Amino acid sequence: MTQPTAPLSGENYFAETYGLTPPHSEVVAALPQLNVGKALDLGCGVGRNTLFLNQHGFDVTAWDHNPQSLARLQDIIAQENLSGIHTEQRDLNNTRFNGGFNFVLSTVVMMFLQPQTIPQLIADMQACTVRDGFNLIVAAMNTDDMPCPADFSFAFRSGELSHYYRNWHIVKYNEHPGQLHRKDENGNRITCRFATLLAQKASY
């Protein structure tokens with residue numbers, strides 16, 4: 001007699017149910033340190049991180065420039081009868097924002113933005129974060145030992161991202177190699193360095 005299939009649950013529920021990419025590992029790793037509240041997902045795509053955070057009690061504002069991605073996310077929201085997710089089509093190259101968020105995240109997005117966008121975008125991320133709230137950024141780098149793909153419009157230099165957060169409490173920062181989902185002409189996933197930062201807004 002076969003055993004019944006266990007119901008899907010946990011961090012990969014939406015990935016397994018809807019064929020999404022699992023939530024970013026840095027979002028999963030950061031979760032135990034976060035205060036549940038309001039989150040802002042910048043460049044949410046089809047919602048892998050948005051759905052994960054909502055699953056864990058966050059009220060999530062999710063922005064992306066791609067209407068097809070947002071439509072897919074809205075379909076999942078409707079099918080699951082979810083509340084606490086607010087989607088909006090936004091071009092981060094032309095967006096200023098404020099508010100009061102406990103967690104603001106941008107994973108694997110900034111390399112597709114214009115270089116002149118980045119300083120103000122990070123300033124707005126910091127300004128809209130409440131005291132003791134967190135920012136998480138994961139973005140490609142361009143280094144001598146691992147040049148980033150030429151078609152990325154922006155990439156951080158070594159130490160550049162951490163410098164933006166010099167007045168915050170930096171919980172995690174590294175510049176480790178990582179793989180893109182994109183593959184090269186030989187079918188191998190492209191490798192470059194990623195700047196990964198989790199920082200908490202100082203309480204003073």
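Keep in mind as you go that the model is predicted.

Let's start with helix α3, which covers residues 48-55. Of its 8 residues, 6 are buried, so the rest of the structure largely encloses this helix. The buried ones are Asn 49, Thr 50, Leu 51, Phe 52, Leu 53 and Asn 54. If you're used to thinking about helices by their faces, recall that an α-helix has 3.6 residues a turn, so residues three or four places apart point the same way. After α3 comes Gly 57, with a positive phi near 100°.

Next up is Phe 58, in the loop between α3 and β2 (59-64). Which kinds of residue does it pair with? There are 7 aromatic pairs in the count, and one of them joins Phe 58 to Phe 103. A pair of aromatic rings is described by the distance of the centres and the angle of the planes. For Phe 58 and Phe 103 the centres are 6.4 Å apart and the planes make an angle of 50°, a tilted arrangement. Phe 58 counts as buried because its relative accessibility is 2%, under the 20% cut-off. Phe 103 goes down to 0%, so it counts as buried too.

Now look at Phe 112 and Phe 152. Their ring centres are 5.3 Å apart and their planes meet at 80°, so this pair is edge-to-face. Here again distant parts of the chain are linked: Phe 112 belongs to the loop between β4 and α5 (118-127), Phe 152 to the loop between β5 and α6 (160-164), and 40 residues separate them. How accessible are the partners? Phe 112 is partly exposed, at 46% relative accessibility, whereas Phe 152 is buried, at 8%.

Tyr 13, Phe 14 and Tyr 18 are joined into a cluster by ring pairs. Charged side chains also meet rings in this model: Lys 38 is positioned over the face of Phe 101, 5.2 Å from the ring centre. Arg 90 does likewise with Trp 63, at 4.0 Å from the ring centre.

Which residues does Gln 89 touch, leaving aside its neighbours within four places in sequence? They are Asp 64, His 65, Pro 67 and Leu 70. With His 65 there is a polar approach as well: a polar atom of the Gln 89 side chain lies 3.2 Å from the backbone oxygen of His 65. For a sense of scale, the C-alpha atoms of Gln 89 and Ser 203 are separated by 32 Å, and these two residues are 114 apart along the chain.

Finally, two backbone angles deserve a look. Asn 81 is not a glycine, yet its phi is positive, near 55°. You'll find Asn 81 in the loop between α4 (67-80) and β3 (85-89). Is Asn 81 buried or exposed? Its relative accessible area is 69%, so it is exposed. Asp 132 is another non-glycine residue with a positive phi, about 75°. Asp 132 is in strand β5, residues 129-140, and is partly exposed, with a relative accessibility of 31%.

Notes. Residues numbered from 1 in each chain as written. Predicted model: local features only at pLDDT ≥ 70, side-chain atom pairs only at ≥ 80, totals over all residues. Heavy atoms only, no water. Helix = DSSP H or I, 4+ residues; strand = E, 2+ residues; numbered from the N terminus. Buried < 20%, exposed > 50% of the residue type's maximum accessible area, 1.4 Å probe, protein only. Contact = heavy atoms within 4.5 Å. Polar contact = N/O pair within 3.5 Å; in protein donor to acceptor, adjacent residues only side chain to side chain. Phe/Tyr/Trp six-rings, centres within 6.5 Å; stacked < 30°, edge-to-face > 60°. Lys NZ or Arg CZ within 6 Å of the ring centre and 35° of its normal.
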